[in-house]
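Hi,

Here is the structure I said I would pass on. Have a look at it first, and then read my notes below.

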Amino acid sequence: MEFTRYMFVDGYNVINQWKVLKSIKDENLDYARDKLIDLLQEYSVVKNTHIIVVFDAHLKKGNIESRQMVGSIEVVYTKEGETADCFIERNVAKYSKKGQVYVVTSDYIEQRIVLQMGGVRITPLELWWEIESLKKDVYKKSNVSYKDKTITLADVLDDEILEKLEKMRRKR
């Protein structure tokens with residue numbers, strides 16, 4: 001799939017900014033990371049945005065950069081000595097050539113750097129509001145009342161199949 005929107009998410013920064021994840025991380029950091037990724041899945045698909053969630057692993061001795069796809073989300077753990085900010089800065093210019101780049105962080109200096117590189121900054125709170133708004137829109141659209149509309153076979157079958165069925169009915 002070809003994307004025109006890319007979003008880098010500073011994973012631990014967002015976890016520490018979203019109340020629902022911050023309370024979880026104190027008990028189970030792995031679960032908080034998984035929950036963040038889950039919350040971003042639907043957003044990614046609906047907004048046709050390639051999301052890269054970056055987690056700092058810079059303090060882990062000998063850690064090498066690792067990437068994996070979790071559903072539609074690309075998850076990156078940085079290498080030893082590299083922060084999520086450094087990884088994001090290094091990649092914003094590259095992805096800017098492909099399309100619009102958004103960076104989710106509350107780090108003011110990082111936001112300024114991203115803006116200077118042609119990206120768009122989004123605070124974690126702004127992303128939370130957008131995800132919540134999106135959930136409400138999807139719910140409204142999927143909660144259509146079917147009492148007013150009867151769905152028939154003609155609504156869902158191809159015209160060619162309907163013709164064959166009609167011929168079979170008439171032969172009886």
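At the start of helix α5, a side-chain oxygen of D107 comes to within 3.0 Å of the backbone nitrogen of I109. Keep in mind that this is a predicted model, so every contact here is a computed one. The helix itself covers residues 108-116, and E110, Q111 and V114 are buried in it. Seen down the axis of α5, these buried residues fall within an arc of 100°, so they line one face of the helix. Y108, I109 and Q116 sit on the other side of α5 and are exposed. What do the buried residues of α5 pack against? Their partners are α4 (84-96), β5 (100-104) and β6 (120-122). After the helix comes G118, with a positive phi near 95°.

Now the sheet. Six strands make up an open sheet with mixed pairing, in the order β3-β4-β2-β1-β5-β6. β3 and β6 are the edge strands, each pairing on one side only. From one strand to the next, the twist averages 20°.

At the β3 end, β3 (residues 66-70) pairs with β4 in the antiparallel sense, over five bridges. R67 stands opposite V76 of β4. The two strands form a hairpin with two residues between them, and G71 in the turn has a positive phi of about 65°. At the β6 end, β5 and β6 pair in the parallel sense over three bridges, and V104 has I122 in β6 as its bridge partner.

Two helices to look at against the sheet are α4 and α6. α4 lies across β1, β2, β3, β4 and β5, and runs at about 175° to β1. α6 packs on the sheet as well, where it touches β1, β5 and β6, and its direction makes about 80° with that of β6.

On to the cores. The largest nonpolar core has 25 residues, and M7, L36, L40 and L127 touch the most other members. Elements giving two or more residues to this core are β1 (5-10), α1 (11-17), α2 (19-27), α3 (29-46), β2 (49-55), β4 (73-77), β5 and α6 (124-142). Which of them gives the largest share? That is α3, with six residues. There is also a second, separate core of 14 residues, which includes A84, I88, V92 and V114.

Leaving aside neighbours within four places in sequence, L36 is in contact with G11, V14, I15, W18, L21, V53 and F55.

One last stop is T49, in strand β2. Is T49 buried or exposed? T49 counts as buried because its relative accessibility is 0%. The T49 side chain also makes a polar contact, at 2.8 Å, with the side chain of R5. Not counting residues up to four places away in sequence, T49 touches F3, R5, Y6, M7 and S44. M7, in that list, is also among the residues that touch the most other members of the largest nonpolar core.

Cheers

Technical notes. Residues are numbered from 1 along each chain as its sequence is written. This is a predicted model: local features need pLDDT of at least 70, side-chain atom pairs count only at pLDDT 80 or more; totals for chains, interfaces and linings use all residues. Side-chain values use heavy atoms; hydrogens and water are left out. Buried means under 20% relative accessible area, exposed over 50%, partly exposed in between (1.4 Å probe, protein chains only). Helices (H or I, at least four residues) and strands (E, at least two) are DSSP runs, numbered from the N terminus. The arc is that of the directions from the helix axis to the C-beta atoms. Contact means heavy atoms within 4.5 Å. A polar contact is a pair of N or O atoms within 3.5 Å; within protein, one must be able to donate a hydrogen and the other to accept it, and residues adjacent in sequence count only if both atoms are side-chain atoms. A nonpolar core is a set of buried Ala, Val, Leu, Ile, Met, Phe, Trp, Tyr and Cys residues joined through side-chain atoms within 4.5 Å. Two strands pair if DSSP finds at least two bridges between them. Axes are lines fitted to C-alpha atoms, for helices over the stretch in contact, and angles run from 0 to 180 degrees between N-to-C directions.
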